[in-house]
Amino acid sequence: KTPLRDGDEERPDQEEYAGMYFLNCSSKTAPGIINRKREKITDSTEVYSGCYGRASINFYPFSVSGNKGIAWGLNNLQKLEDGDFLGGRSRAEDDFDPIDGEEDDDFLN
């Protein structure tokens, strides 16, 4: 088994995976996350599926209950720039128009 996956085979109905490979990484501890200037990112909404970045990963073999393969562990992330949300998720700022005027306590009518 390998965590390297072919987007054309595994996600044929999602155009963002067309012609791409992707991999699964995990970690038991939260990765360090920095921006382009190597400043720590602490806002959890800053990093999302679809932003561009780099990852520090490590490879390791496993053999558990007859399953053998290579796994990839996630070490750290560096966000380089924003991108489109994958999986249809959008930003709250893009979903709603601003509301001018007084607040209405009866929002159902």
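Is Lys28 buried or exposed? Lys28 counts as exposed, because its relative accessibility is 90%; exposed means over 50% relative accessible area, buried under 20%, and partly exposed in between, with a 1.4 Å probe and protein chains only. This residue is found in the loop between S2 and S3. Lys28 and Gly73 are 45 residues apart in sequence, and their C-alpha atoms are 9.0 Å apart in space.

The model is predicted: local features need pLDDT of at least 70, side-chain atom pairs count only at pLDDT 80 or more, and totals for chains, interfaces and linings use all residues. Residues are numbered from 1 along each chain as its sequence is written, and side-chain values use heavy atoms, with hydrogens and water left out.

**Overall layout**

The protein has 2 helices and 5 strands, in the order β-α-β-β-β-β-α from the N terminus. Helices (H or I, at least four residues) and strands (E, at least two) are DSSP runs, numbered from the N terminus. Of the 109 residues, 17% are buried. The accessible surface comes to about 9,300 Å², and carbon and sulfur atoms hold 48% of this surface; such areas come from the Shrake-Rupley method with a 1.4 Å probe.

**Strand pairing**

Strand S4 (residues 52-64) and S5 run antiparallel and are joined by 13 bridges; two strands pair if DSSP finds at least two bridges between them. Asn58 has Gly73 in S5 as its bridge partner. The hairpin of S4 and S5 has 2 residues between the strands, and Ser65 takes a positive phi near 50° there. Strand S5 (residues 67-81) also pairs with strand S3 (residues 32-34), in the parallel sense and over 3 bridges. Here Gln78 in S5 is the bridge partner of Ile34.

**Aromatic pairs**

A search of the whole structure finds 2 aromatic pairs. Rings of Phe, Tyr and Trp (its six-membered ring) pair if their centres lie within 6.5 Å; planes under 30 degrees apart count as stacked, over 60 as edge-to-face and the rest as tilted. The planes of Tyr17 and Phe22 are at 65° and the ring centres 5.0 Å apart, so this pair is edge-to-face. Tyr17 and Phe22 are both buried. Phe59 and Trp72 are also edge-to-face, at 4.9 Å centre to centre and 75° between the planes. Phe59 in strand S4 and Trp72 in strand S5 are 13 residues apart. Phe59 counts as exposed at 54% relative accessibility, whereas Trp72 is buried, with a relative accessible area of 12%.

**Salt bridges**

The whole structure holds 3 salt bridges, each a side-chain nitrogen of Lys or Arg within 4 Å of a carboxyl oxygen of Asp or Glu.

| Salt bridge | N to O distance |
|---|---|
| Arg5 and Glu10 | 2.6 Å |
| Lys79 and Glu46 | 3.3 Å |
| Lys79 and Asp82 | 2.7 Å |

Lys79 lies in strand S5 and Glu46 in the loop between S3 and S4, so their pair ties together parts that are 33 residues apart in sequence. Lys79 is buried, with a relative accessible area of 9%, while Glu46 counts as partly exposed at 35%.
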